[in-house]
Amino acid sequence: MMDNRRLPAPEKSDLTLGYLRLTDSAPLIMAQELGLYEHYGLSVQLQQEVSWANARDKLVTGGLDAAQMLAPLPLATSLGAGGMRADVITGLALSLNGNAITVSPALANAIAARGGDVQAGASSTARALGAHLRSEGSSAAYTFATAHSFSCHTFLLRRWLAAGGIDPERDLRIIVLPPEQMVDSLARGVIDGYCVGEPWNSVAVQHGVGMIQATGYQVWNNGLEKVLGVTGEWHQHHPSSHLRLRLALMETCSWLAAPEHREQTAKALARPQYLDLPVSSLLPSLSGELVFSKGEPAPAVLADFHVFGRYQAGFPWRSDGEWLLQEIAAVLGKSLPTEQVKALVQQSFRTDLYREAARFLQLPCPDRDYRPANQHAAAWEFQPGIQLGPDLLLRP
Amino acid sequence: MFSAGHASLAFRHRHERAWLTAIFRFPVKTRTVPRTVHHEVDVSSANPRGTALRLILVDDNRERAAVVEAGLRQMGFEVLSVIATGSGLLHQMAQHEPDVVIIALDSPDRDVLESLSIASTHNPRPVVMFSEAGDEGFIGDAIRAGVTAYQAQDISGATVRAAIDIAVAQFSAFNALKLELDTTRRQLAERKLVEKAKGLLMKMHSIAEEEAFSTLRKLAMDKHRTLGEVAGDVIAILDSPAKRGKQT
């Protein structure tokens, strides 16, 4: 732990942070539990938000100092897509991966009947779903849900469907539902499947109302998932508070990288003041032992299901930002000029702020802002001392 | 608590910032009765068809929703349904096709509403947000940012009326503007296509401009299609690489 006396005084020490009821809120919550905000001279109030729209609007209007955000949201907000337009930046990613695609038992059976097996990979289940849809012709009208239009959930689901030769615009319907409504909507037959963050896949599996067909990791290895968002204006007025906040969260993420800390994390997150859920719902993804369908003999061991600390997880890669922005454009049905994409990502994904914090913690960090995509099937060395994880993308 | 004065502040600021925040666009199946948008602030609670404005109220807090609903009815609005999160906002929107959606600030369905604005530009609807007392700061800032909002505690008379009127007016103004822009864009694109198709026909058949144009117009009339569509077809046929290859 660094000696914080070297840091400039915080412009504001009482901060309010917004987060959603998701397992990958762990960094924000555990920083509180471990006293790391306090260590950096901050008094933090954690505030649970019910929608990403609310978190964004409160951030922009000053009700929140900083917020957990879906990685595409700072970009979508800076672009003004969907709601309020404002300059939102991030200098720290909070997690990689953490999502899965779950379908109803009926659809899971249809997928299995056509040879789809999640253990064999995401393309196996995607192809089987595609074959099933084509066999039923145009009479099949399936509805899938994601948690937000501009989320990795949407992008992962679209990519998974594409791998099965399914057109996400024509062959089925994708709607948006709040994460907490996913399980119930699946059980009631309102939707046939969804892509969402944990624990909402494991909860469906545990209740026997859903079966996991793909993990987000299988679709995009180590994809950027949540980031710490602040407005450009807030950062300008509170550079030191922002730095201290990033330092506290970076230390928490390093702590979360150790598998032996995950059970303690699940227990803390489960408490009424945080996620208010059974530990058993949070533990599968946090321990990396995911059960794909109820009654399975043994869970799948997925050490990288949630990545908080390893593989330079906190670095807001501009290459990832550009990919996310292009996916946002695809959802909007338009293409953005390359210069606009580059400019917007440079303004929003502040690698300089990550490096500033890494220097204080004397951590090595990438000296380039772009990483290759879809080239490594195993962990690899980006530069001396910098190990990155696999980066494969599911082929369409 | 916001008076009508505060509400008109939002109206005044609408050109300055992201005032469209509250004005989402919803894809709804084509309805049989054509809907027209009006350009002026409507001071009555009537929609362009002359009937009462039809609302959907989205709120998880039943008690509060009941109070708000009663207030809205008293003011002459037609409340089509009051729904809580998870009761199928999407379905209700498609079924009822409300004139305005009124949603609680703390409803998880806000992301759902926003997704509708992103998914399609067809048959949009204005949205009004409301909140409990205690969110004054946020609501105030939201209004400054262009969101039309009011508080549940003050549902009597002028405030809600003003909020809804402003939402409808902002929305209509935006919609009219957007429609105008779309039309202009389409006309421009169409004119370009027609010019190009004319040029190709003139070159291919060594005919005068007038004859080329009447050929296009005849094609359009025969096929019951627009001039732009026919021009596009002509370009696709005459200007294809294969065709060009043959010509040289």
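In chain B, 38% of the 248 residues are buried. Keep in mind that this is a predicted model, so treat what follows as a reading of computed coordinates. We'll start with chain B and then work through chain A.

**Chain B overall**
- Chain B is built from nine helices and five strands.
- Going along the sequence, the elements of chain B run α-β-α-β-α-β-α-β-α-β-α-α-α-α.
- If you count the chain B contacts between residues at least 6 apart in sequence, 69% of them join residues at least 24 apart.

**Helix α3 of chain B and what comes after**
- Helix α3 of chain B covers residues 89–96, and its buried residues are B:Leu89, B:Leu90 and B:Met93.
- Looking down the axis of α3(B), these buried residues fall within an arc of 105°, so they line one face of the helix.
- The general rule behind that kind of pattern is that an α-helix has 3.6 residues a turn, so residues three or four places apart point the same way.
- Just after α3(B) comes B:Glu97, with a positive phi of about 45°, although B:Glu97 is not a glycine.
- B:Glu97 sits in the loop between α3 and β3 (100–104) of chain B.
- Is B:Glu97 buried, exposed or partly exposed? B:Glu97 counts as partly exposed because it has 18 C-beta neighbours inside 10 Å.

**Domains of chain A**
- Chain A splits into domain 1 (4–96 + 224–275 + 307–388) and domain 2 (99–222 + 288–301).
- The centres of domain 1 and domain 2 of chain A, taken over C-alpha atoms, are 27 Å apart.
- Domain 1 of chain A puts 20 residues into the contact, and domain 2 of chain A puts in 14 residues.
- On the side of domain 1 of chain A that touches domain 2 of chain A, α4 (73–79) and α15 (318–332) of chain A each supply at least two residues.
- The largest share of that side of domain 1 of chain A comes from α15(A), with three residues.
- By class, the residues on that side of domain 1 of chain A are 13 nonpolar, three polar and four charged.

**Two packed helices in chain A**
- Helix α13 (residues 262–270) and helix α14 (residues 279–287) of chain A pack at an angle of about 145°, and their axes are 9 Å apart.
- α13(A) and α14(A) make a right-handed crossing.
- From α13(A), the contact residues are A:Arg262, A:Glu263, A:Thr265, A:Ala266, A:Lys267, A:Leu269 and A:Ala270.
- From α14(A), they are A:Val279, A:Leu282, A:Leu283, A:Leu286 and A:Ser287.
- The contact of α13(A) with α14(A) has seven nonpolar, two polar and three charged residues.

**Helix α17 of chain A**
- In α17 (residues 351–361) of chain A, the buried residues are A:Thr351, A:Leu353, A:Tyr354 and A:Ala357.
- These residues cover an arc of only 160° around the axis, which puts them on the same side of α17(A).
- On the other side of α17(A) you'll find A:Asp352 and A:Arg359, which are exposed.
- What do the buried residues of α17(A) pack against? Their partners are β4 (88–97), α12 (239–256) and α15 of chain A.
- A:Gln362 follows α17(A) and has a positive phi, near 55°.

- For background, most residues other than glycine have a negative phi, and most peptide bonds are trans.
- The peptide bond from A:Glu198 to A:Pro199 is cis, with omega near 15°.
- A:Pro199 lies in the loop between β8 (193–197) and α9 (202–206) of chain A.
- A:Gln312 isn't a glycine, yet its phi is positive, about 55°.
- You'll find A:Gln312 in the loop between β13 (306–307) and α15 of chain A.
- A:Gln312 is buried, because 23 other C-beta atoms lie within 10 Å and the cut-off is 20 or more.

**A look at A:Leu129**
- A:Leu129 belongs to helix α6 (residues 122–136) of chain A.
- A:Leu129 counts as buried because it has 30 C-beta neighbours inside 10 Å.
- Leaving aside neighbours within four places in sequence, A:Leu129 is in contact with A:Ile111, A:Gly116, A:Gly164 and A:Ile166.
- From A:Leu129 to A:Glu381 it is 252 residues in sequence and 36 Å in space, C-alpha to C-alpha.

Definitions and conventions
Residues are numbered from 1 along each chain as its sequence is written. Chains are lettered from A and ligands numbered from 1 in the order in which they are written. This is a predicted model: local features need pLDDT of at least 70, side-chain atom pairs count only at pLDDT 80 or more; totals for chains, interfaces and linings use all residues. Helices (H or I, at least four residues) and strands (E, at least two) are DSSP runs, numbered from the N terminus. A residue is buried if 20 or more other C-beta atoms lie within 10 Å of its own, exposed if 12 or fewer, and partly exposed in between; C-beta atoms are placed from the backbone. Two residues are in contact if their C-beta atoms, placed from the backbone, lie within 7 Å. The arc is that of the directions from the helix axis to the C-beta atoms. Axes are lines fitted to C-alpha atoms, for helices over the stretch in contact, and angles run from 0 to 180 degrees between N-to-C directions. A crossing is left-handed if the near helix is turned anticlockwise from the far one by less than a right angle, and right-handed if clockwise. Ala, Val, Leu, Ile, Met, Phe, Trp, Tyr, Cys and Pro count as nonpolar, Asp, Glu, Lys and Arg as charged, and the others, Gly among them, as polar. Domain bounds come from an automatic or database domain assignment.
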